[in-house]
Amino acid sequence: MKKITAIIKPHKLDEVRAALSEINVAGMTVTEVKGFGRQKGHLELYRGAEYSIEFVLKTKIEIVIEATRVDAVVEAIMQSARTNKIGDGKIFVTNVEQTVRIRTGEEGVEAV
């Protein structure tokens with residue numbers, strides 16, 4: 001099992017969800033997050049005054065899937081989240097040692 005964590009621009013969430021639905025991804029967890037990468041935030045103008053935004057709003061998507069599906073899921077996220085501009089985000093793939101469905105006690109792939 002693998003866990004895919006994607007940090008994307010918030011306005012791309014619907015496109016990413018649709019792309020993942022097309023390849024039969026059954027579920028995901030979505031969280032609104034703040035952070036910064038290479039861009040280190042940015043300046044904004046509000047009522048004539050400039051102020052610094054140190055943490056940029058992003059959306060975090062977490063998906064646990066079978067290891068055989070990682071490439072397809074990563075590709076779907078990349079294609080649907082890409083704007084070709086700074087701040088498009090990142091995708092992280094990590095190992096999942098155990099998965100248990102709380103209600104039934106099912107484990108492994110059956111629990112996903």
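A residue counts as buried when its relative accessible area is under 20%. The structure shown here is a predicted model.

**Lys 9, a buried lysine**

Start with Lys 9, which is found in the loop between E1 and H1. Is Lys 9 buried or exposed? Its relative accessibility is 15%, so Lys 9 counts as buried. What surrounds Lys 9? Beyond its neighbours within four places in sequence, Lys 9 is in contact with Lys 58, Thr 83, Lys 85, Ile 86, Gly 87 and Asp 88.

Now turn to helix H2, which covers residues 70-81. Helix H2 has twelve residues. From first C-alpha to last, H2 reaches 16 Å, close to the 16 Å expected at 1.5 Å a residue.

Which residues of H2 are buried? They are Val 70, Val 73, Val 74, Ala 76, Ile 77, Ser 80 and Ala 81. Seen down the axis of H2, these buried residues fall within an arc of 160°, so they line one face of the helix. An α-helix has 3.6 residues a turn, so residues three or four places apart point the same way.

What does this buried set pack against? The partners are strand E1 (2-8), helix H1 (13-22), strand E5 (56-65) and strand E6 (89-95).

**Ser 80 in helix H2**

Ser 80 has its place in helix H2. At 9% relative accessibility, Ser 80 counts as buried. Its side chain reaches the backbone oxygen of Ala 76 at 2.7 Å. Leaving aside neighbours within four places in sequence, Ser 80 is in contact with Lys 12, Glu 15, Val 16 and Ala 19.

| Side chain | Backbone oxygen | Distance |
|---|---|---|
| Ser 80 | Ala 76 | 2.7 Å |

**The nonpolar core**

How many residues does the largest nonpolar core have? It has 16 residues. Those with the most contacts inside this core are Ile 4, Val 16, Leu 20, Ile 63, Val 73 and Ile 77. Elements E1, H1, E5 and H2 each give two or more residues to it. The largest share, six residues, comes from H2.

Look closely at Ile 63. Apart from neighbours within four places in sequence, Ile 63 is in contact with Lys 2, Lys 3, Ile 4, Leu 20, Val 25, Gly 27, Met 28, Val 73 and Ile 77.

How values were computed. Residues are numbered from 1 along each chain as its sequence is written. This is a predicted model: local features need pLDDT of at least 70, side-chain atom pairs count only at pLDDT 80 or more; totals for chains, interfaces and linings use all residues. Side-chain values use heavy atoms; hydrogens and water are left out. Helices (H or I, at least four residues) and strands (E, at least two) are DSSP runs, numbered from the N terminus. The expected span of a helix is 1.5 Å times one less than its number of residues. Buried means under 20% relative accessible area, exposed over 50%, partly exposed in between (1.4 Å probe, protein chains only). The arc is that of the directions from the helix axis to the C-beta atoms. Contact means heavy atoms within 4.5 Å. A polar contact is a pair of N or O atoms within 3.5 Å; within protein, one must be able to donate a hydrogen and the other to accept it, and residues adjacent in sequence count only if both atoms are side-chain atoms. A nonpolar core is a set of buried Ala, Val, Leu, Ile, Met, Phe, Trp, Tyr and Cys residues joined through side-chain atoms within 4.5 Å.
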